[in-house]
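Reader: I would like to work through this structure step by step. Could you show me the sequence and the model before I ask my questions?

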Amino acid sequence: MSTATLDKNDAAGPVDSAENSATHLITVTLRIRRFNPEVSADSDWQDFTLEIDPKERVLDALHKIKWEQDGTLTFRRSCAHGICGSDAMRINGRNRLACKTLLKDIGPDKPITVEPIKGLTVLKDLVVDMEPFFQAYRDVMPFLVTSGNEPTRERYQSPEDRERFDDTTKCILCAACTSSCPVFWNDGQYFGPAAIVNAHRFIFDSRDEAGEQRLEILNDRDGVWRCRTTFNCTDACPRGIEVTKAIQEVKRALITRRF
Amino acid sequence: MSTTETTGTSEPTDDVALFDVDHPAPVIEPPRARTAKTPKSTRGNFEMYGWLFMRLSGIVLVVLVLGHLLIQLVLDGGVSKVGFAFVAGRWASPFWQVWDLAMLWLAMLHGANGLRTVINDYAERDNTRFWLKWLLYAATVFTVLLGTLVIFTFDPNIR
């Protein structure tokens with residue numbers, strides 16, 4: 001850290017770097033959908049203006065607001081690096097992870113809108129009730145089901161068999177896909193893309209033996225047949241999972257295994 | 001408290017009086033949320049057959065409807081030739097009877113199934129769903145039966 005400044009003029013060095021860091025800061029307005037049931041039954045937009053590096057993420061901007069401007073701003077985040085799936089929110093009208101969205105990529109010259117994800121009950125500000133989402137996840141039995149004796153070592157699988165469901169193992173359960181689905185918005189009984197993706201992960205796993213059972217669950221009135229292939233889920237997925245393709249593969253498996 | 005700054009005017013005082021920590025405002029729940037009590041699989045393959053039917057009937061309807069439009073509107077002098085005699089002449093042949101019957105049934109069932117999914121997608125309350133579907137099924141059955149009756153009992157000597 002110090003070597004670079006020591007090479008230059010001792011006195012001017014720190015000032016230079018301070019000036020540099022100040023010049024590339026930009027003024028960003030975050031328009032956040034606020035809701036506090038202890039104050040009002042209505043939600044409203046609140047603008048926050050801050051000086052921030054455009055290479056920072058939306059989550060950094062939210063932190064800056066919460067730590068420096070308004071401590072009552074409420075949102076979820078855990079790892080802050082796109083792995084835990086806590087901070088899915090609707091940024092500029094699109095579901096994204098706040099921790100994977102750089103301010104410079106979403107037009108910081110205009111106000112950036114931040115809303116809670118849709119289709120789930122808003123509890124406060126950007127925090128929603130995830131319970132219906134996880135209920136659908138639990139309903140597809142997202143765990144390995146086997147019979148017979150447990151092997152003394154790991155269960156072997158060929159690279160080809162592993163490749164078959166590789167895409168759907170990437171899911172972090174952030175709910176960006178499910179809460180971007182127009183069918184889910186209007187009918188919470190639909191399993192939603194995330195639950196189907198996680199069923200897909202086991203249905204096409206050569207080690208698993210409950211594929212038929214999971215297919216039967218998704219053959220439900222509110223299962224895969226409600227998918228309208230609008231591709232909102234594929235667009236929304238922060239992990240780049242081809243969600244709609246996975247749903248179509250489950251549909252195909254249902255048809256080919258029935259006939 | 002900061003939100004009261006933005007709401008402005010006289011509203012906040014009303015809100016403060018109405019809601020506090022012990023009496024929070026009701027949250028807005030999405031329609032038909034899934035809970036642990038949600039009934040498990042309905043069994044049966046109805047939705048799968050419905051989905052397959054939409055695809056297959058769609059393919060067949062492309063041929064039937066485009067052929068129908070071509071014959072009715074383009075070939076042999078176009079729409080001006082269509083009259084009572086033209087219809088009577090066509091329905092004298094079992095081939096055209098079957099063509100029109102297939103088109104009627106497939107188009108009506110295809111459209112009805114499509115509207116059924118639209119109702120399922122967009123009607124939130126169970127009551128609304130029930131009555132909209134009831135209306136849809138009644139209209140479908142009426143149209144299909146009436147059309148079938150006309151195709152089979154058509155009498156060219158009616159006048």
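Reader: How many residues does the contact take from chain B, and how many from chain A?

Author: Please keep in mind that this is a predicted model. Both chains contribute to the contact, which takes 34 residues from chain B and 33 residues from chain A.

Reader: Which helix gives the largest share of the side of chain B that touches chain A?

Author: On that side of chain B, α1 (2-7), α3 (46-74) and α5 (94-122) each supply at least two residues, and the residues there divide into 15 nonpolar, 11 polar and eight charged. The largest share amounts to five residues, and the helix they come from is α1(B).

Reader: Are α5(B) and α6(B) roughly parallel or roughly antiparallel to each other?

Author: The axes of α5(B) and helix α6 (residues 126-153) of chain B come within 10 Å and cross at roughly 175°. An angle over 145 degrees counts as roughly antiparallel. The two helices α5(B) and α6(B) are therefore roughly antiparallel.

Methods: Residues numbered from 1 in each chain as written. Chains lettered and ligands numbered in written order. Predicted model: local features only at pLDDT ≥ 70, side-chain atom pairs only at ≥ 80, totals over all residues. Contact = placed C-beta atoms within 7 Å. Helix = DSSP H or I, 4+ residues; strand = E, 2+ residues; numbered from the N terminus. Nonpolar A, V, L, I, M, F, W, Y, C, P; charged D, E, K, R; others polar. Axes fitted to C-alpha atoms, helices over the stretch in contact; angles between N-to-C directions. Parallel < 35°, antiparallel > 145°, perpendicular 65-115°, else oblique.
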